[in-house]
Amino acid sequence: MTKRVFVWLDERYKRRKEVGLAEITLYGPDGEQINRQAIVYDGRERKKK
Amino acid sequence: MEFWMDKVGELAAGLTGFEEEIDSCLHIVAISSNLPGEGMVSLYLNNLPDDRRVMVHDVGSPIIRDALLRRGFVLEHGYSQYLNKNCDNYIREGLPTPDFSKHFTAEVRFDEFTFRDLPQSDRDSLREVLSASPIITATVINDKPRDVELDEQYFALHGNPRPRGGLHGGLGESVYIYLAGAALIASRKAIEKNY
């Protein structure tokens with residue numbers, strides 16, 4: 001899922017000619033955050049690769 | 001068919017007996033402790049699975065009966081296919097396995113500078129990407145950057161703006177004031193020198 005979202009973000013940021021940050025957080029049935037830290041998308045880091 | 005008594009063996013450390021799982025039901029037909037009074041039976045009962053049906057056949061010992069009742073078992077007088085007779089069996093139904101796949105939510109949040117004007121078509125396509133995951137059933141696209149949300153939460157709780165860190169607030173402001181003061185004094189001294 002993360003990979004697909006990151007590809008989506010890459011594409012959208014590229015289209016807008018911007019570099020940005022995004023985070024993905026997962027919540028369980030009780031509304032509690034599951035991933036201790038949100039999955040962070042960093043456009044600058046992605047560009048380096 | 002092999003007789004169950006021929007399969008009696010070690011149930012757990014210090015315990016001899018027979019158990020068998022058939023169609024998601026664990027049948028316990030015999031339990032005997034090799035070290036009576038050491039709590040081996042209690043330990044075994046504590047570790048019984050709770051995600052499937054457990055049936056303890058023909059429980060005669062009052063101590064084991066009480067131990068089973070304390071652990072959520074219910075007495076049911078009925079036929080035991082192992083013992084081929086009607087007897088007192090203790091049964092505990094398995095807890096339903098929660099279907100976590102129906103309750104997972106993914107939240108996507110962007111930074112302050114981008115995607116505040118994310119068009120509906122893009123929102124829909126992002127939702128589509130997220131919902132392709134077998135575990136995600138709900139998607140939230142949060143337009144508020146984390147800082148803005150924290151500001152709002154702080155204001156709602158304390159009634160005043162959230163203090164800023166770094167050079168843009170808190171100690172940073174005093175640094176700016178100090179630098180401005182020093183510049184003012186220096187410029188005054190420079191003016192005095194010229195005269």
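Tutor: Begin with contacts in chain B. Residues 24 or more positions apart account for 48% of the contacts with a separation of 6 or more. Keep in mind that this is a predicted model.

Student: What is the secondary structure of chain B?

Tutor: Chain B has five helices and eight strands. Along the sequence they follow the pattern β-β-β-α-β-α-β-β-β-α-β-α-α.

Student: How much of chain B is buried?

Tutor: Buried residues make up 11% of its 195 residues. A residue counts as buried if 20 or more other C-beta atoms lie within 10 Å of its own.

Student: How do the strands of the open sheet in chain B line up?

Tutor: Six strands form this sheet, in the order S1-S2-S3-S4-S6-S5. The pairing is mixed. Strands S1 (9-12) and S5 (74-80) of chain B stand at the edges. Each has a single partner strand, so one side of each is left without a neighbour in the sheet. On average, neighbouring strands of this sheet are turned by 40° against each other, direction ignored.

Student: Which way do S3 and S4 of chain B run, parallel or antiparallel?

Tutor: They run parallel. Strand S3 (residues 25-33) and strand S4 (residues 53-56) of chain B are joined by four bridges. For one pair, look at B:Leu26: its bridge partner in S4(B) is B:Val54.

Student: What should I look for in the side chains of a strand?

Tutor: In a regular strand the side chains alternate between the two faces of the sheet.

Student: Now loops. Where does B:Asp23 lie, and what is its phi?

Tutor: B:Asp23 lies in the loop between strand S2 (15-22) and S3 of chain B. Its phi is near 50°, a positive value in a residue other than glycine. B:Asp23 counts as exposed because it has 6 C-beta neighbours inside 10 Å.

Student: What about B:Asp58?

Tutor: Phi is positive there too, near 45°. B:Asp58 sits in the loop between S4 and helix H2 (62-70) of chain B. With 15 other C-beta atoms within 10 Å, B:Asp58 is partly exposed.

Student: How do I check the length of a helix?

Tutor: Compare the span with 1.5 Å a residue. Helix H4 (residues 146-158) of chain B has 13 residues. From first C-alpha to last, H4(B) reaches 18 Å, close to the 18 Å expected.

Student: Next, chain A. What span should helix H1(A) have?

Tutor: Helix H1 (residues 2-16) of chain A has 15 residues and should span 21 Å. Its end C-alpha atoms are 21 Å apart, which agrees.

Student: Why do residues a few places apart in a helix point the same way?

Tutor: An α-helix has 3.6 residues a turn, so residues three or four places apart point the same way. Now take the case here. The buried residues of H1(A) are A:Val5, A:Leu9 and A:Tyr13. They cover an arc of only 65° around the axis, which puts them on the same side of H1(A).

Student: Which exposed residues does the other face of H1(A) carry?

Tutor: The face turned away from the buried side carries A:Lys3, A:Val7, A:Glu11 and A:Arg15.

Student: What do the buried residues of H1(A) pack against?

Tutor: In chain A, they pack against strand S1 (21-27), strand S2 (39-42) and helix H2 (43-48). Helix H3 (120-131) of chain B joins that list. Just after H1(A), A:Lys17 takes a positive phi of about 55°.

Student: How many residues does each chain bring to the contact?

Tutor: Chain A brings 17 residues and chain B brings 19. On the side of chain A that touches chain B, S1(A) gives the most, with seven residues. The residues of that side divide into nine nonpolar, three polar and five charged.

Student: Which strands pair with S1(A)?

Tutor: One is strand S7 (residues 104-110) of chain B, antiparallel, over six bridges. There A:Glu23 stands opposite B:Arg109, and A:Ala22 stands opposite B:Phe110. Another is S2(A), which also runs antiparallel to S1(A), joined by four bridges. In that pairing, A:Ile24 stands opposite A:Ile39.

Methods. Residues numbered from 1 in each chain as written. Chains lettered and ligands numbered in written order. Predicted model: local features only at pLDDT ≥ 70, side-chain atom pairs only at ≥ 80, totals over all residues. Helix = DSSP H or I, 4+ residues; strand = E, 2+ residues; numbered from the N terminus. Expected span 1.5 Å × (residues − 1). Buried ≥ 20, exposed ≤ 12 C-beta atoms within 10 Å, placed from the backbone. Arc of directions from axis to C-beta. Contact = placed C-beta atoms within 7 Å. Nonpolar A, V, L, I, M, F, W, Y, C, P; charged D, E, K, R; others polar. Pairing = 2+ DSSP bridges. Axes fitted to C-alpha atoms, helices over the stretch in contact; angles between N-to-C directions.
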